[in-house]
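Let's take a walk through a protein model, one piece at a time. Keep the structure open beside you and look up each residue as it comes along.

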Amino acid sequence: MAEGSSAPIEVAPPGVNINAPHSARIYDYWLGGKDNFAVDRAVGEAMIQAIPGMRYMAKENRKFVHRVARDLVRKEGIRQFLDIGTGIPTRPNLHEVAQSIEPSTRVVYVDNDPIVLVHARALMLSHPSGRSEYIAADIRKPASILTDPALLDTLDLKQPVGLTLIAILMLLADADDPWSKVAELADALPSGSCLAITHPTADFNPDEVNAAVAAATGAGMTLVARTREAVERFFGDWELLDPGVSPVSTWRPDEPVDNPEAAYYWAGVARKP
């Protein structure tokens with residue numbers, strides 16, 4: 001701690017910029033984690049001021065991941081996953097849920113924040129019968145993900161893959177054409193693969209969401225809320241599984257949901273014909 005200062009000195013792994021907010025670390029803050037910095041907490045709090053239910057929404061996203069992993073393994077026979085924009089590990093992780101049902105399941109996690117790499121390698125330990133790997137890459141460059149040696153050594157792209165894009169596409173502006181990025185990833189996967197997406201929306205509460213977007217934009221981040229129609233476009237011609245694109249809390253919930261629109265996210269899962 002610096003002399004005369006009550007603020008602790010923040011130390012980060014090499015390559016981590018503690019002066020710019022990062023979505024994975026903000027998300028970690030919302031979930032009650034410790035792997036975030038003052039700049040992340042400042043933006044996270046500003047967004048909570050705009051949307052008081054933000055922590056609840058972050059938890060609903062995690063619950064969706066768990067339900068997707070369970071159902072894709074049990075009902076769709078998926079035995080390998082590609083999770084892009086995984087964020088800082090929060091247990092149970094996707095591979096832990098999947099491997100609790102089928103121990104041989106393989107998972108490749110992808111993120112572009114060095115702090116995620118540090119924690120992923122330490123915490124994302126696979127069941128001996130399966131495998132979990134982490135690669136540093138960016139969804140803006142799908143080819144770099146699909147050709148990564150660790151991915152090709154872990155996943156068999158001739159067999160169905162569960163592709164999960166959880167609260168990540170919001171970080172791509174329309175000008176970046178995120179639909180083409182998803183299509184490039186989807187086109188590389190075989191029949192029987194499944195695509196799972198969650199995406200924030202202003203459809204349920206425009207005032208709160210627009211205020212949160214303004215807070216993120218003011219901090220130099222890209223954050224885009226999209227309509228249900230825009231989210232449905234990501235699935236292309238894949239077959240949406242029941243109940244289709246729906247509020248994240250209502251996608252195959254484990255218990256009744258009091259207010260389906262309390263979490264401002266659309267969610268859906270589709271299967272490749």
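Start with Ala 167, which sits in the loop between S4 and helix H8 (178–187). Helices (H or I, at least four residues) and strands (E, at least two) are DSSP runs, numbered from the N terminus. Ala 167 is not a glycine, yet it has a positive phi of about 50°. With a relative accessibility of 10%, Ala 167 counts as buried. Here is how that word is used: buried means under 20% relative accessible area, exposed means over 50%, and partly exposed is in between (1.4 Å probe, protein chains only).

Before going further, some ground rules: this is a predicted model, where local features need pLDDT of at least 70 and side-chain atom pairs count only at pLDDT 80 or more, while totals for chains, interfaces and linings use all residues. Residues are numbered from 1 along each chain as its sequence is written, and side-chain values use heavy atoms, with hydrogens and water left out.

Now find strand S1, residues 80–84.

Which strands does S1 pair with? One is strand S2 (residues 106–111), which pairs with S1 in the parallel sense over five bridges. Another is strand S4 (residues 162–166), which runs parallel to S1 and is joined to it by three bridges. To count as a pair, two strands need at least two bridges found by DSSP. Phe 81 is a handy landmark here: its bridge partner in S2 is Val 107, and in S4 it stands opposite Gly 162.

There's also a helix to trace. S1, helix H4 (residues 94–101) and S2 make a right-handed β-α-β unit. Right-handed means that, with the strands pointing away from the viewer, the path from the first strand over the helix to the second runs clockwise.

## Salt bridges

Side chains of opposite charge can pair when their charged atoms come close. How many salt bridges does the structure hold? There are 15 of them, a salt bridge being a side-chain nitrogen of Lys or Arg within 4 Å of a carboxyl oxygen of Asp or Glu.

Take Asp 71 and Lys 75, whose closest N and O atoms are 3.7 Å apart in their salt bridge. Asp 71 is buried, at 4% relative accessibility, whereas Lys 75 is exposed, with a relative accessible area of 59%. Asp 71 and Lys 75 also belong to a network of salt bridges that links them with Arg 70, Arg 252 and Asp 254. Look at Arg 252 too: it lies in the loop between S7 and S8, is partly exposed at 22% relative accessibility, and has a positive phi of about 50° although it is not a glycine.

Next, Glu 232 and Arg 228 meet through their side chains in a salt bridge of 3.3 Å, N to O. They are four residues apart in helix H10 (residues 228–233), which means about one helical turn separates them. A further salt bridge, at 2.8 Å from N to O, brings together the side chains of Arg 271 and Glu 239. Arg 271 lies in strand S8 (residues 265–271) and Glu 239 in strand S6 (residues 239–240), so this pair ties together parts that are 32 residues apart in sequence.

## Two last stops

Thr 154 is in helix H7 (residues 149–154). Is Thr 154 buried or exposed? It is buried, with a relative accessible area of 2%. Leaving aside neighbours within four places in sequence, Thr 154 is in contact (heavy atoms within 4.5 Å) with several residues, including Gln 80, Val 107 and Arg 131.

Finish at Pro 243, in the loop between S6 and strand S7 (246–247). A cis peptide bond joins Asp 242 to Pro 243, with omega about 10°.
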